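Please look over the sequence and the model below before reading on. The paragraphs that follow lead from a local element to the overall make-up.

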Amino acid sequence: MLSTRVRSRATRSVFVFGFVLCSAVFAGLVPVAATAQDAATPAKPVTFLGTVQTLSGNNITVKNDAGATMQVTVEENARLLRIEPGQKTLAGASPFSLTDLQAGDRVMARGAANPDGKSLAANMLVAIKGADIAQKQEHEREDWQKNGTGGLVKAVDTSAGTVTVSTGAGGTRTITIHVSPTTIVRRYAPGSVKFDQAIKSTLDQIKPGDQLRARGSKGADGSTLEAEEIVSGNFLNLAGAIQAVDANASTITLTDAATKKPVVVTITPDSEVKKLDPAVAQRIAARLSGGAKRPDGAPGGAAGAAAGPGGAGGPGPSGADHPAGGRGPGGGGPDFQQVLARAPSVTLKDLQKGNMVIVVATEGQTPVSATAITVVAGVEPMLQASTSGSQAMLSSSWNLGGGEGGGGGGEAPQ
């Protein structure tokens, strides 16, 4: 599954465990106020959360998760406190020196904002070391890998508090996930592939066909899991010819072969864009049409081409933090994720009108829009052989769930 989106991209902080980053932590410390003040009214204390970009003396440039920047001037007598990742109060905070602050650290600056709303004089600065955040992310990523599982949702029983998912080769294995009142339930936001933008959700919002990843205590036989945390999402599988490429807007418009309707797909820095080698695409097409067999003699149709037990990874959408996947079903040829991992990456400018593509995406803000997780070009032979088979293969290769032992998804509950 595309859950194996390779550790070579693991440093990209997207699949990244953003839920342990500081937005939630800082939000529990002090209220967040507006970032701009009316020049006609007295300045009120404001709070700005973000990552340190540059430092010069007591001047800091901070960028928040939405991309907005704030020029922060730390006042001479400002209160400087450092906390650990996950800490929600200042009870255990320790003083630090401004000279210890580094680019990449997360900070909460509080003080009086200037009328332009782009700068503030901070009388309080709370920081978390970027290195500590990275270390905590890695530990949590390992926990999702070791104690996580997931796949496609088959059934939801809200009265019993259970979700049944299919996983493994061909989705033939099922796991029953038990949800308790203490289980953290999140859902990917429309148009987002980042776990740290996942929103609080409830069990009744999970539907059959969704992709789901859960972390918790597994039963002895691996068929059940008592969930501590769940993340789910509804993802689109699109295939068709590109009708237009808009480099300025970073979008492609394609006519989906299944619905016959145009869809505007946004390509973000977190999107993976790949192009298959013609010979590779031909071999996959042969499998989809049933004309090839795997080395172990098993049939080579769409099921044979689908991803196998997937390997470990984080729980989020495809992207960073996914080690390479395992072999295909039955130990046969490499799964489609491995094919994608080896395929060269391309950019939007390499895509042209008329190219055939397969896309896995999150739902956009409108029914005719989507945000790409993975775009695969060079798939003409595959779509000619089987549109549905190609889509099924890609969607099974990319998935929040893993294989038998809890293969991962993309963005580690980033």
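In this predicted model, the face of helix 3 that is turned away from its buried side carries two exposed residues, Pro-278 and Arg-283. The buried residues of helix 3, which spans residues 278-288, are Val-280, Ala-281, Ile-284, Ala-285, Arg-287 and Leu-288. When one looks down the axis of helix 3, these buried residues fall within an arc of 155°, and they therefore line one face of the helix. The N-terminal end of helix 3 is capped by Asp-277, a side-chain oxygen of which lies 2.9 Å from the backbone nitrogen of Ala-279.

From the helix we turn to a set of paired strands. Strand 8, covering residues 162-167, and strand 9, covering residues 173-178, run antiparallel and are joined by six bridges; within this pairing, Thr-164 has Thr-176 of strand 9 as its bridge partner. Strand 9 also pairs with strand 13, made up of residues 224-233, but here the sense is parallel and the pairing extends over three bridges. In strand 13, the residue that stands opposite His-178 is Glu-226.

Key: Residues are numbered from 1 along each chain as its sequence is written. This is a predicted model: local features need pLDDT of at least 70, side-chain atom pairs count only at pLDDT 80 or more; totals for chains, interfaces and linings use all residues. Side-chain values use heavy atoms; hydrogens and water are left out. Buried means under 20% relative accessible area, exposed over 50%, partly exposed in between (1.4 Å probe, protein chains only). Helices (H or I, at least four residues) and strands (E, at least two) are DSSP runs, numbered from the N terminus. The arc is that of the directions from the helix axis to the C-beta atoms. A polar contact is a pair of N or O atoms within 3.5 Å; within protein, one must be able to donate a hydrogen and the other to accept it, and residues adjacent in sequence count only if both atoms are side-chain atoms. Two strands pair if DSSP finds at least two bridges between them.
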